[in-house]
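Biologist: I'd like to learn how to read a few features of a fold. Could you walk me through them?

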Amino acid sequence: MVFEPPQRLVRALGETAPDGDDWLDKLPEAAQQAVALRELAVERVQVPGGRSSLVVLVRTAEGTPAVLKLAPGRARPEAERAALAHWDGRGAVQLLEPFSAEGVLLLERLHPDVSVRSLPEAKALLEAAGTLRRLWVEPPADFPFETVAERTGRQAEAMRVRAQADPEVAPLVDLALAAREELLAAPPEHRLLHGTFRQSKVLGGERMPWLAVGPDPVVGECAFDLARLVRDRVEDLIAQPSGAATTRRRVKRLAESLDVDQERLRGWTLFRAVESGVRAGRVGRPRDAELLLEFASWL
């Protein structure tokens, strides 16, 4: 079988490595080797798939449905492996192979085309929040993960550079950076977080109704993790005349349902929305940038 990377993956990797690298060139051969080594039977490449990895639906030599995932080093697949091993199937997809070649993960097969996002909005938020709660555990000793301070520090520097080049975004960037400084002054928790949690990252399963996939794990406070969920379906929020009021109610409802401080959730939601909007503008996605920055202005 020829392992052709989906166009969504090609475009996304082009954004994160605009000068290119050879991972995509080597991907077909790496996938063939990973399949042969494990004696897997390939069903199909998942399309449209993710933005940071090739996902292949396979069966093991015993006939068990599974997923083979290959990701470049900049997507931090070894951190994902460490987090999945620590969660050990509690709230997240099960890692079937604790140790394997770098950048290759063999995972429990979920229902790849059934995510929480397919549910009505209120139900989707409820189920997603319940899944997220199960992931917030103490990190392992000597954890190999970034902290929220480290990750947002890199992001903050890129935001400052962008604001200098684009004065229109500077006021929102200043607000977001000020919120970050205040939030990091007294972080209330030290938990292992999913890192990139949203409704589409929660898939239907057999052993549990919903399980999280695709973490980019980080260690810090729970409000940081929940912040990305606040802006889910941002296109729908922007289209509503009451979008700003709906957003503020969503912050309040999610904070109360997961025992997170509402103001800290609002602050991290602001920072993460501005960071995503600035990044979208930088890589040539002006429509996404416009939506995200308008959303951030409501907070």
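Predicted model: local features only at pLDDT ≥ 70, side-chain atom pairs only at ≥ 80, totals over all residues.

Biologist: Then which elements do the buried residues of α6 pack against?

Modeller: They pack against α5 (148–165), α10 and α11 (286–297). Buried here means under 20% relative accessible area. In α6, that covers Ala170, Leu172, Val173, Ala176, Leu177, Ala179, Arg180 and Leu183.

Biologist: What span does α6 reach from its first C-alpha to its last?

Modeller: A helix has an expected span, counted at 1.5 Å a residue. Helix α6, residues 170–184, has 15 residues and reaches 21 Å, close to the 21 Å expected.

Biologist: Zooming out, how many helices and strands are there in the chain?

Modeller: The protein chain has 11 helices and 10 strands.

Biologist: And what does the radius of gyration say about the protein chain?

Modeller: You set it beside the value for a compact globule. With 299 residues, such a globule would have a radius of gyration near 19 Å, and the chain agrees because its own value is 19 Å. The C-alpha atoms fill a box of roughly 55 × 40 × 40 Å along the principal axes. As for burial, 52% of the 299 residues count as buried.

Biologist: What share of the contacts joins residues 24 or more positions apart?

Modeller: Such pairs account for 70% of the contacts with a separation of 6 or more.

Biologist: Let's turn to the backbone. Which residues does a cis peptide bond join?

Modeller: The general idea first: most peptide bonds are trans, and most residues other than glycine have a negative phi. In this model, a cis peptide bond joins Val47 and Pro48, with omega at about 10°. Pro48 lies in the loop between β1 (41–45) and β2 (54–59).

Biologist: What about phi at Asp142 and Asp259?

Modeller: Asp142 has a positive phi, near 50°, and Asp259 has a positive one too, near 55°. You'll find Asp142 in the loop between α4 (121–135) and β6 (146–147), while Asp259 is in the loop between α9 (243–257) and α10 (262–282).

Biologist: Are those two buried or exposed?

Modeller: Exposed is over 50% relative accessible area. Asp142 counts as exposed because its relative accessibility is 77%, and Asp259 counts as exposed because its value is 65%.

Biologist: Last one: how far apart are the mean positions of the positive and negative charges?

Modeller: For the 41 positive and 45 negative charges of the chain, the mean positions are 4 Å apart.

Notes: Residues numbered from 1 in each chain as written. Heavy atoms only, no water. Helix = DSSP H or I, 4+ residues; strand = E, 2+ residues; numbered from the N terminus. Rg over C-alpha atoms; globule rule 2.2 N^0.38 Å. Buried < 20%, exposed > 50% of the residue type's maximum accessible area, 1.4 Å probe, protein only. Contact = heavy atoms within 4.5 Å. Lys, Arg positive; Asp, Glu negative; His and termini not counted. Charge placed at Lys NZ, Arg CZ, Asp CG, Glu CD. Expected span 1.5 Å × (residues − 1).
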